[in-house]
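Hello! Here are a few notes to read alongside the model, as numbered points. Keep the structure open beside you as you go.

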Amino acid sequence: IAAQAEALSKEHPQAAMAIQNFGQVLEARGDLAGAEEALRDAAERFRSLRGAEHPDTWYAFASLTRVMTSRGRCLEAAELFAA
């Protein structure tokens, strides 16, 4: 997944999707810090590429806030989700 993201342009939606998938794998393996970093990157890429109202962007931010909540940062996650 990481190799695919590196091979694609930063402006390519599939790169954002690969990074999001990688973040979800990290989350499933228990690496919440790594997952948060990857999911934040994916969410920002989707926002830049697809806009704030696109379902891919919403899903990426939902995944990010889920990980943040798992890390005990509920208030920060709620503020990000609300934004």
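Predicted model: local features only at pLDDT ≥ 70, side-chain atom pairs only at ≥ 80, totals over all residues.

1. Let's begin in the interior.

2. Which residues of H4 are the buried ones? They are Thr-57, Ala-60, Phe-61, Ser-63, Leu-64, Thr-65, Val-67 and Met-68. Just after H4, look for Gly-72, which takes a positive phi of about 85°.

3. Now step back to the whole chain. It has five helices and zero strands, and reading along the sequence gives the pattern α-α-α-α-α. Of the 83 residues in the chain, 33% are buried. Among contacts with a separation of 6 or more, 46% join residues 24 or more positions apart. The chain exposes about 4900 Å², with carbon and sulfur atoms supplying 55% of that area.

4. Next, find Gln-20 in helix H2 (residues 13-28). Is Gln-20 buried or exposed? Its relative accessible area is 2%, and buried means under 20%, so Gln-20 is buried. Leaving out residues up to four places away in sequence, Gln-20 touches Leu-39, Ala-42, Phe-46, Asp-56, Tyr-59 and Ala-60. One of these, Ala-60, is also on the list of buried residues of H4.

5. What lines the largest pocket? The lining consists of Arg-47, Ala-52, Thr-57, Trp-58, Phe-61, Leu-80, Phe-81, Ala-82 and Ala-83. Helix H4 (55-70) and helix H5 (74-82) are the elements that give two or more residues to this lining. By type, the lining residues divide into seven nonpolar, one polar and one charged. The space in this pocket comes to about 240 Å³. Rolling a probe the size of a water molecule over the atoms shows where empty space is left.

6. Finally, look at Ala-83, in the segment after H5. Ala-83 has a relative accessible area of 87%, and exposed means over 50%, so Ala-83 is exposed. Ala-83 is also among the residues lining the largest pocket, as is Ala-52. These two residues are 31 residues apart along the chain, and 9.8 Å separates the C-alpha atoms of Ala-83 and Ala-52.

Conventions:
Residues numbered from 1 in each chain as written. Heavy atoms only, no water. Helix = DSSP H or I, 4+ residues; strand = E, 2+ residues; numbered from the N terminus. Buried < 20%, exposed > 50% of the residue type's maximum accessible area, 1.4 Å probe, protein only. Contact = heavy atoms within 4.5 Å. Areas by Shrake-Rupley, 256 points an atom, 1.4 Å probe, with all protein chains shown as cover. 1 Å grid on protein atoms, 1.4 Å probe; cavity = no way out; pocket = protein on both sides within 12 Å on 5 of 7 lines; lining within 4 Å. Points joined across faces, edges and corners; volume = space filled by probe spheres on them. Nonpolar A, V, L, I, M, F, W, Y, C, P; charged D, E, K, R; others polar.
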